[in-house]
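Thanks for coming. Please have the sequence and the model open while I talk.

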Amino acid sequence: MKGKIILILVFLSTALAGFSQQFAFEYWHEGKIILDSGDTLKGSVKYDMQTDLLQYQLENNHQSFSARNAVFFEIFDATIKQYRQFYSLPYSVSSGYKTPVFFELLTEGKITLLSREALEYRTYSNSFYYYGNNTRLILVYKYFMLQENGSILEYMGKKNDWLDFMGNQAKEVEKYAKTNKLAFDDKYELVKIISYYNSLFK
């Protein structure tokens with residue numbers, strides 16, 4: 001009986017943890033927005049990369065902007081205690097027609113790395129669940145590289161693909177990542193790796 005109670009408690013705590021997960025785009029952040037008119041707004045900013053919309057508020061002033069109206073915005077993300085910068089750039093999402101969408105600028109240099117967020121359901125095996133798995137809604141990051149000609153290419157490579165792309169600097173970058181225990185599949189650790197690679201060309 002005691003074992004069953006513990007199992008139920010573990011199940012409930014795991015399930016509640018999945019439901020209570022909070023993402024940065026669900027919060028208001030202190031920041032600023034630069035509009036295509038050249039005007040700058042400073043106040044609280046809430047973003048949604050699923051719809052490429054921004055919300056802005058300052059006292060009684062509430063406004064919404066699309067990636068067509070806002071060319072840049074910056075927030076101080078309290079969830080990670082870092083400033084984050086986003087640009088509106090033309091990109092073909094599903095067809096040959098390009099439309100402005102928001103990209104987060106992660107690092108720039110020899111490799112200018114951009115990112116977009118997406119929500120996806122993922123199923124994980126879990127021995128605590130009766131049916132042996134657990135489906136959760138998680139935040140995933142899609143990476144893009146800004147080319148010198150202004151085109152944007154989605155990059156879906158893994159660790160070895162990144163290293164192949166780095167050519168003669170691959171061994172040094174891999175050593176740096178290993179020494180500092182940085183993973184290529186973690187967003188902020190990948191930024192450190194790419195930033196180090198970029199520093200080799202300064």
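I start with a definition: rings of Phe, Tyr and Trp (its six-membered ring) pair if their centres lie within 6.5 Å, and planes under 30 degrees apart count as stacked, over 60 as edge-to-face and the rest as tilted. By that rule there are 14 aromatic pairs here. In one of them, the centres of the Phe 23 and Phe 25 rings are 5.6 Å apart and the planes are at 10°, so this pair is stacked.

Before I go on, this is a predicted model, where local features need pLDDT of at least 70, side-chain atom pairs count only at pLDDT 80 or more, and totals for chains, interfaces and linings use all residues. Residues are numbered from 1 along each chain as its sequence is written, and side-chain values use heavy atoms, with hydrogens and water left out.

Are Phe 23 and Phe 25 buried or exposed? Both are buried, meaning under 20% relative accessible area, while exposed is over 50% and partly exposed lies in between (1.4 Å probe, protein chains only). Ring pairs also join Tyr 47, Phe 73, Phe 86 and Phe 102 in a cluster.

Some rings have a charge over them, which requires NZ of Lys or CZ of Arg within 6 Å of the ring centre and within 35 degrees of the ring normal. Lys 110 is over the face of Phe 201, 5.2 Å from the ring centre. Arg 116 is over the face of Phe 103, at 5.8 Å from the ring centre.

Now the helices, which are DSSP runs (H or I, at least four residues), as strands are (E, at least two), numbered from the N terminus. Helix H3 covers residues 170-179, and Ala 170, Val 173 and Ala 177 in it are buried. Seen down the H3 axis, the buried residues fall within an arc of 70° (taken from the directions from the helix axis to the C-beta atoms), so they line one face of the helix. Recall that an α-helix has 3.6 residues a turn, so residues three or four places apart point the same way. The other side of H3 has Lys 171, Lys 175, Lys 178 and Thr 179 exposed.

What do the buried residues of H3 pack against? They pack against helix H2 (159-165) and helix H4 (187-199), contact being heavy atoms within 4.5 Å.

In H4, the buried residues include Leu 190, Ile 194 and Tyr 197.
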